[in-house]
Amino acid sequence: MLEALHDPAAFAVLGSLLGLFVGSFLNVVIHRLPQMMERDWHAQAAELRGETLAHAERFNLATPRSRCPHCGHLITAVENIPVISYLALRGRCRHCGAGISKRYPIVEGFTALLSGYAAWHFGFGLAAVGALLFIWTLVALAFIDLDTQLLPDDLTLPLLWLGLLFNLGGHFTDLPSAVAGAMAGYLALWSVYWLFKLATGKEGMGYGDFKLLGAIGAWLGWQVLPLTILLSSLVGALVGIALIVFARHGRHVPIPFGPYLAAAGMIALFWGEALTTHYLGAL
């Protein structure tokens with residue numbers, strides 16, 4: 001078994017299969033974590049007002065069981081096989097026939113693809129474990145930000161500390177570069193935030209963006225931060241222009257920046273050193 005894990009192709013297949021099932025779990029995180037945060041905010045606000053909220057059903061990542069939002073049908077294990085169940089059910093609830101969001105197989109397939117490539121790229125070892133944790137967290141953060149314009153501390157802060165932990169062993173960069181990356185990543189967007197606010201009186205981004213870039217710096221080092229900021233800004237600008245021109249997205253409607261930071265972080269994970277060298281060489 002261990003010999004098979006050291007074979008790049010076999011390890012990539014295993015990574016893809018694992019990514020499929022993790023992607024299914026990420027769908028739960030993407031859907032439920034913002035609701036869990038909102039419930040917690042309401043409970044805290046009620047406590048400050050001296051009120052007692054009525055006892056509600058337990059709601060976390062494990063409870064209650066997933067169900068159809070239209071008819072309440074409980075999803076069985078057979079109906080919850082990543083991608084396969086969606087295709088077998090033709091994208092509809094088996095009980096009421098209501099459509100199932102394409103988001104679910106997209107997240108599962110995307111996570112599987114990224115996981116398989118990470119397994120092949122890094123090979124069997126702790127670096128691959130770290131890369132998978134990094135990718136999975138970025139996928140969850142990107143889709144949560146798309147839905148809610150939130151980047152939860154429950155994900156960004158553990159991601160930052162995990163980056164420093166893995167770099168105690170120098171798996172992605174040396175520890176001084178990781179610590180400097182965490183600080184520089186946070187302060188870079190913090191500075192942009194305050195400069196924009198002082199110039200316009202408006203908030204251009206949220207604090208979650210600072211923490212996410214700090215986490216990327218903790219994983220990959222301060223050296224990749226210019227590339228990460230450049231890539232995320234370029235992609236964000238292109239997507240924003242396309243939304244305004246083709247989708248009639250209002251100019252004053254905010255566009256979440258987290259997905260572009262996450263995409264840039266993944267690119268930097270795989271090709272950051274080569275791209276940075278090429279970029280500096282071109283300059």
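Me: Is Lys-211 buried or exposed?
Reply: In this predicted model, local features need pLDDT of at least 70 and side-chain atom pairs count only at pLDDT 80 or more, while totals for chains, interfaces and linings use all residues. Residues are numbered from 1 along each chain as its sequence is written, and side-chain values use heavy atoms, with hydrogens and water left out. Buried means under 20% relative accessible area, exposed over 50% and partly exposed in between (1.4 Å probe, protein chains only). Lys-211 has a relative accessibility of 19%, so it counts as buried.

Me: In which helix does Lys-211 lie?
Reply: Helices (H or I, at least four residues) and strands (E, at least two) are DSSP runs, numbered from the N terminus. The run of residues 207–220 contains Lys-211, and this helix is α8.

Me: How many residues of α8 are buried?
Reply: The helix has 14 residues and reaches 20 Å from its first C-alpha to its last, close to the 20 Å expected at 1.5 Å a residue. The expected span is 1.5 Å times one less than the number of residues. α8 is mostly covered, and its buried residues number 13 of 14.

Me: Which residue takes a positive phi just after α8?
Reply: α8 ends at residue 220. Just after α8, a phi of about 95 degrees is found at Gly-221.

Me: Which residues touch Lys-211, not counting those up to four places away in sequence?
Reply: Contact means heavy atoms within 4.5 Å. With residues up to four places away left out, Lys-211 touches Asp-153, Thr-156, Leu-157, Leu-160 and Tyr-186.

Me: With which residue does Asp-153 form a salt bridge?
Reply: A salt bridge is a side-chain nitrogen of Lys or Arg within 4 Å of a carboxyl oxygen of Asp or Glu. Asp-153 is partly exposed, with a relative accessible area of 34%. The closest N and O atoms are 2.8 Å apart in its salt bridge with Lys-211. The pair links distant parts of the chain, 58 residues apart, from Asp-153 in helix α6 (residues 153–166) to the partner in helix α8, Lys-211.

Me: Against which helices do the buried residues of α6 pack?
Reply: The 14 residues of α6 should span 20 Å at 1.5 Å a residue, and the end C-alpha atoms are 19 Å apart, which agrees. Its buried residues are Leu-155, Thr-156, Leu-159, Leu-160, Gly-163, Leu-164 and Phe-166. These residues pack against α2, α5, α7 (175–200) and α8.

Me: Is Arg-94 buried or exposed?
Reply: The side chains of Arg-94 and Glu-79 meet in a salt bridge of 3.1 Å, N to O. The two residues are 15 apart in the chain, Arg-94 in the loop between α3 (84–88) and α4 (103–122), Glu-79 in the loop between α2 (8–48) and α3. Glu-79 is buried, with a relative accessible area of 10%. Arg-94, at 55% relative accessibility, counts as exposed.

Me: How many residues apart are Arg-103 and Asp-147?
Reply: Asp-147 is partly exposed, with a relative accessible area of 45%, and Arg-103 at 24% counts as partly exposed. Their side chains meet in a salt bridge of 2.9 Å, N to O. Arg-103 is in helix α4 and Asp-147 in helix α5 (residues 126–148), and their separation in residues is 44.

Me: What is the nearest side chain of opposite charge to Glu-108?
Reply: Glu-108 lies in helix α4 and is in contact with residues including Gly-19, Asn-27 and Pro-82. Lys and Arg count as positive and Asp and Glu as negative, while His and the chain ends are not counted. Glu-108 is buried yet has no salt bridge; 11 Å away is the nearest side chain of opposite charge, Arg-103.

Me: What is the geometry of the pair Phe-122 and Phe-172?
Reply: Rings of Phe, Tyr and Trp (its six-membered ring) pair if their centres lie within 6.5 Å; planes under 30 degrees apart count as stacked, over 60 as edge-to-face and the rest as tilted. The structure holds 15 aromatic pairs. The ring centres of Phe-122 and Phe-172 are 5.7 Å apart and the planes stand at 75 degrees, so the pair is edge-to-face.

Me: Over the face of which residue does Arg-39 lie?
Reply: A charge sits over a ring if NZ of Lys or CZ of Arg is within 6 Å of the ring centre and within 35 degrees of the ring normal. Arg-32 lies over the face of Phe-59 at 5.5 Å from the ring centre. At 4.3 Å from the ring centre, Arg-39 lies over the face of Phe-59.
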